[in-house]
Amino acid sequence: MRVRTRGYWLYLVPSLLLFLVVIVVPFLMNVGASFTRWSGVGTPRWIGLDNYTRLLKDERFWQSFQHNVGLIVAMAIVPTAIGLVLAAALFDYIGKKFGSRTASALRAMYYLPQVLPVAVAGVVWGWMLHPSYGAINQIFGLDLDWLGDPDLALATVMAVMVWFQLGYPVVIFMAGLQRVDPAYYEAAEIDGASWWRRFWHITLPQIRPEVFVVLLTCTIAALKVFGPIFVLTRGGPGNATMVPSYFSYLNFFQKSNVGYGSAIATVLALIIIVVTFLFLRVQERER
Amino acid sequence: MRGPGRWAVLFALVVLAVVMVFPFAIVAINAVKSPAEYSSDGPLSLPDGLYLQGLVDFWNRVEFGTKLWNSLLISASVAVLAVVLSVLNAYALGIGRVKGRLSILVLFLVANTLPQEALAYPLYYLAKAVGLYDTQLSVIIVMTVIQAAFGTYLLSAVLGQFPKEILEAAAIDGAGRLRSLWRIVVPISRPTLNVLLIFFFIWTWNEFFLPLIFLISNDTQTVPVALAVLQGEKYMDATMSSASALLGLLPAVAFFLIFQRTLTRGVTVGAIK
């Protein structure tokens with residue numbers, strides 16, 4: 001019996017309507033606004049590509065993207081690298097020598113920060129990093145203004161983000177390792193392969209798909225990052241931690257430059273879409 | 001590696017785990033210290049006793065009960081509504097295989113990865129125009145659509161592998177589409193739906209940007225927004241800051257403990273797809 005597919009369209013109708021109102025129309029409005037000068041009230045004035053040419057010359061805009069690169073390192077690359085070693089150590093070493101309960105207890109501890117609302121994580125760290133009463137200065141006997149010093153602020157935010165992100169790759173990679181046939185490891189062990197050799201030649205190739213997914217999702221998260229910046233530094237001091245998402249927020253809601261903010265948001269959206277497609281392309285070729 | 005070597009590896013991993021949970025511990029310790037104790041002994045000493053006044057004061061000052069209720073209301077509504085929408089979509093795409101399903105899926109996926117900044121101002125403008133600005137309903141609607149976009153993507157793949165024979169048998173018995181969905185597809189995919197439900201709940205709970213823009217009054221704010229906006233205000237001293245951090249941590253940790261299994265399993269389901 002052939003199942004006819006026409007009637008199934010009905011089930012998409014509620015979503016497509018909502019989708020149109022909440023995603024498609026607002027996104028097109030945003031792109032439209034990016035070609036105008038508009039304060040948010042009154043009639044937008046069409047100015048063509050002026051916002052975009054202004055962006056290209058705006059030092060704050062370029063800086064904000066440089067900071068994004070730093071955050072990609074802190075949120076995607078470093079956690080992936082550390083996460084690989086941790087997951088392999090937990091799976092192939094701790095799990096075997098000390099039991100799987102020890103391994104999953106450690107995994108849970110690494111994962112804990114991930115359950116926090118990122119804004120709350122910011123509140124926690126803002127308090128710990130406080131220059132006069134914070135715990136961090138006390139522990140290390142230092143007197144640094146971690147978030148208030150322009151030379152330190154970005155590095156501090158990056159460190160907090162490593163802490164926040166680390167558990168995600170560990171959990172994903174450990175799940176991926178479940179797929180690996182234990183016979184590989186046994187054979188390698190009989191051949192006398194060292195732990196590092198097993199890591200390079202078995203663990204890493206086996207969980208390539210997971211590595212791709214983690215790098216992609218974390219890179220997108222780093223490009224979008226807003227909450228921790230809002231809570232920890234509000235882009236400051238000066239522009240030391242300005243990121244595109246906060247920069248557009250600033251233009252929307254504080255400077256009443258809605259057109260300019262829309263242009264920033266449009267560029268950010270395009271970059272994210274391009275990054276996603278590139279990643280998926282590479283991933284497909286891998287298969 | 002033998003003898004001391006294996007203990008060295010374990011030791012290193014345990015040290016890292018302690019570093020990871022350290023903020024949770026130190027927040028808990030300091031949230032139960034009196035301001036006097038904090039200023040004399042600093043953040044690293046253990047508390048002399050349980051001083052709960054700081055927590056109580058903070059709770060009352062920010063009407064924390066209201067914020068909790070708002071977060072709960074918004075997250076639960078979004079979770080349920082987004083699962084319903086995801087199931088309807090996935091039924092049409094995964095089982096119905098309607099024409100153009102691939103482009104629809106790509107569309108949903110792109111919607112889920114779009115930065116919210118690229119929707120934020122128009123949504124803010126539209127919400128004001130229809131009188132939904134500063135209501136929980138505005139956030140519920142927008143978040144439902146965003147979460148359902150992801151849910152559709154995931155569930156369509158799951159339902160794409162749904163055993164067709166069961167549905168055909170039901171059709172022969174005279175079950176209509178809606179009946180098949182409700183009586184057969186939903187019960188059989190319940191485990192996946194539960195994972196989605198929990199994920200949508202927690203993601204929405206953790207959401208910051210859109211609630212920050214939409215919910216500006218005290219009566220509508222969610223927990224993360226209230227805490228973030230208070231951060232850095234004048235009356236926040238050291239003990240009150242730690243009290244606020246603890247109250248932000250507790251619900252999240254509670255969810256983690258309740259849903260731990262589903263969460264760790266679910267995070268991987270979401271990632272591989």
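**Entry 1: words before looking**

A helix here is a DSSP run of H or I with at least four residues, a strand is a run of E with at least two, and both are numbered from the N terminus. I also note at the start that this is a predicted model.

**Entry 2: chain A as a whole**

I began with chain A and looked up its secondary structure, which comes to 14 helices and two strands. Next I looked up the space it takes: its C-alpha atoms fill a box of roughly 75 × 75 × 30 Å along the principal axes. How much of chain A is buried? Of its 287 residues, 54% are buried.

I then went through chain A helix by helix. Helix H5, residues 118–128, has eleven of its eleven residues buried, so the rest of the structure largely encloses it. Among the buried residues of H5(A) I wrote down A:Val118, A:Gly122, A:Trp125, A:Trp127 and A:Met128.

Helix H8, residues 167–177, gave ten buried residues out of eleven, so H8(A) too is largely enclosed by the rest of the structure. The buried residues of H8(A) include A:Tyr168, A:Pro169, A:Ile172, A:Phe173 and A:Leu177. The cut-off I kept in mind is that buried means under 20% relative accessible area.

**Entry 3: what the UniProt record says**

For chain A, an unreviewed UniProt entry gives "transmembrane region" at residues 7–29, 69–94, 115–133, 153–177, 211–232 and 258–280. I checked some of these stretches against the model. Residues 7–29 of chain A are 74% helix and 0% strand, with 32 Å between the end C-alpha atoms. Residues 115–133 of chain A are 58% helix and 0% strand, and there the end C-alpha atoms lie 26 Å apart.

For chain B, the unreviewed UniProt entry puts "transmembrane region" at residues 7–29, 68–92, 104–125, 137–160 and 242–259. Residues 7–29 of chain B come out as 100% helix and 0% strand, spanning 30 Å between the end C-alpha atoms. Residues 242–259 of chain B are 100% helix and 0% strand as well, with the end C-alpha atoms 26 Å apart.

**Entry 4: two helices that cross in chain B**

I picked H4 (residues 64–95) and H7 (residues 136–160) of chain B. At what angle do the axes of H4 and H7 of chain B cross? They cross at roughly 35° and come within 6 Å. The crossing of H4(B) past H7(B) is right-handed. I sorted the residues in this contact by class and got 17 nonpolar, twelve polar and no charged residues.

B:Tyr91 is buried, with a relative accessible area of 1%.

**Entry 5: empty space inside**

Rolling a probe the size of a water molecule over the atoms shows where empty space is left. How many cavities of 30 Å³ or more does a search of the whole structure find? It finds three. The largest cavity has a volume of about 40 Å³.

I listed what lines this largest cavity: A:Ser15 and A:Phe19 from chain A, and B:Leu85, B:Asn89, B:Phe108, B:Val145, B:Ala148 and B:Ala149 from chain B. Helix H1 (13–33) of chain A and helices H4 and H7 of chain B each give at least two lining residues. H7(B) gives the most, with three. By class, the lining has six nonpolar, two polar and no charged residues.

Most residues other than glycine have a negative phi, and most peptide bonds are trans. I looked for exceptions.

Is the peptide bond from A:Gly236 to A:Pro237 cis or trans? This bond is cis, with omega near -5°. A:Pro237 sits in the loop between H12 (227–232) and H13 (244–253) of chain A.

B:Glu63 has a positive phi of about 50°, though it is not a glycine. I found B:Glu63 in the loop between H3 (53–61) and H4 of chain B. B:Glu63 is partly exposed, with a relative accessible area of 39%.

B:Arg97, also not a glycine, has a positive phi of about 45°. Its loop joins H4 to H5 (101–113) of chain B. B:Arg97 is partly exposed, with a relative accessible area of 39%.

How values were computed
Residues are numbered from 1 along each chain as its sequence is written. Chains are lettered from A and ligands numbered from 1 in the order in which they are written. This is a predicted model: local features need pLDDT of at least 70, side-chain atom pairs count only at pLDDT 80 or more; totals for chains, interfaces and linings use all residues. Side-chain values use heavy atoms; hydrogens and water are left out. Axes are lines fitted to C-alpha atoms, for helices over the stretch in contact, and angles run from 0 to 180 degrees between N-to-C directions. A crossing is left-handed if the near helix is turned anticlockwise from the far one by less than a right angle, and right-handed if clockwise. Ala, Val, Leu, Ile, Met, Phe, Trp, Tyr, Cys and Pro count as nonpolar, Asp, Glu, Lys and Arg as charged, and the others, Gly among them, as polar. UniProt positions are given in the numbering used here, feature names are shortened, and annotations may be inferred rather than shown by experiment. On a 1 Å grid over the protein atoms alone, a cavity is a set of points where a 1.4 Å probe fits but cannot get out, and a pocket is an open set with protein on both sides within 12 Å along at least five of seven lines; lining residues have an atom within 4 Å of a point. Grid points are joined across faces, edges and corners, and a volume is the space filled by probe spheres set on the points. Buried means under 20% relative accessible area, exposed over 50%, partly exposed in between (1.4 Å probe, protein chains only).
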